[in-house]
Amino acid sequence: IMRAHEDFVPELDFVVELDGQVIGNIMYTKAKLTDENGTEKVVLTFGPVSILPGYQRNGYGKKLIEHSLSHAARMGYEAVVILGSPTNYVSCGFRCCKKYNVCSEDGRYPAAMLVKELKPGALDGRLWRYQESSVMNVNEAEAQAFDDGMEKMEKKWQPSQEAFYIMSHSFVE
């Protein structure tokens, strides 16, 4: 679905291979920031970024992110806004959204909203409201139908899921 969407950026669709096996990937879509005067700035967001469980916490995700951010900067993109656990992304240069005056559409600063300027000074202190691509509006019925067509896997709760839920429902004042 994401690859067929108008906001998908195919030049930033990367995989990590190890010994001929794909062990991870990252995909980007366009998003936008709008300032108080209605001026819009196209930015990027990534997700999913994934590494197979047996290879996690070995630096592959960080290398994938850094590689793709370098390409995004060369393509002329000025900033990336993501929703994620800060512990996973601050080492890649992401900072709290409030430091860049980037808020959600309702004017709040989610603790899980992180920003990285690819061009220093691009966000210039103005108040920016973030709007993600419509591709992120997941149709639960379509997602379930897709899952039903896949090999059955045990679904289990991971502590990282709860940590992300807490961060994404907490706000910086």
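This is a predicted model: local features need pLDDT of at least 70, side-chain atom pairs count only at pLDDT 80 or more; totals for chains, interfaces and linings use all residues.
User: Which elements give two or more residues to the lining of the second largest pocket?

Analyst: The lining includes Tyr130, Gln131, Phe164, Tyr165 and Ser168. Its residues divide into seven nonpolar, three polar and two charged. The space comes to about 270 Å³. Two or more residues come from each of β8 (128-131) and α4 (159-168).

User: Which residue lies over the face of Phe171?

Analyst: Phe171 is one of the residues lining the second largest pocket. At 3.5 Å from the centre of the Phe171 ring lies Arg108.

User: How many residues apart in sequence are the parts that Phe46 and Phe94 tie together?

Analyst: The Phe46 and Phe94 rings are edge-to-face, 5.9 Å centre to centre with 85° between the planes. Phe46 is buried, and so is Phe94. Phe46 sits in strand β3 (residues 40-51), and Phe94 in the loop between α2 (86-89) and β5 (95-96), so the pair ties together parts whose separation is 48 residues.

User: Is Tyr55 buried or partly exposed?

Analyst: Tyr55 pairs with Tyr60, with ring centres 6.3 Å apart and planes at 75°, so the pair is edge-to-face. Buried means under 20% relative accessible area. Tyr55 has 26% relative accessibility, so Tyr55 counts as partly exposed.

User: Which residues form one aromatic cluster?

Analyst: The whole structure holds five aromatic pairs. Phe46 and Phe94 form one of these pairs. The cluster consists of Tyr28, Phe46, Tyr89 and Phe94.

Terms used:
Residues are numbered from 1 along each chain as its sequence is written. Side-chain values use heavy atoms; hydrogens and water are left out. On a 1 Å grid over the protein atoms alone, a cavity is a set of points where a 1.4 Å probe fits but cannot get out, and a pocket is an open set with protein on both sides within 12 Å along at least five of seven lines; lining residues have an atom within 4 Å of a point. Grid points are joined across faces, edges and corners, and a volume is the space filled by probe spheres set on the points. Helices (H or I, at least four residues) and strands (E, at least two) are DSSP runs, numbered from the N terminus. Ala, Val, Leu, Ile, Met, Phe, Trp, Tyr, Cys and Pro count as nonpolar, Asp, Glu, Lys and Arg as charged, and the others, Gly among them, as polar. Rings of Phe, Tyr and Trp (its six-membered ring) pair if their centres lie within 6.5 Å; planes under 30 degrees apart count as stacked, over 60 as edge-to-face and the rest as tilted. Buried means under 20% relative accessible area, exposed over 50%, partly exposed in between (1.4 Å probe, protein chains only). A charge sits over a ring if NZ of Lys or CZ of Arg is within 6 Å of the ring centre and within 35 degrees of the ring normal.
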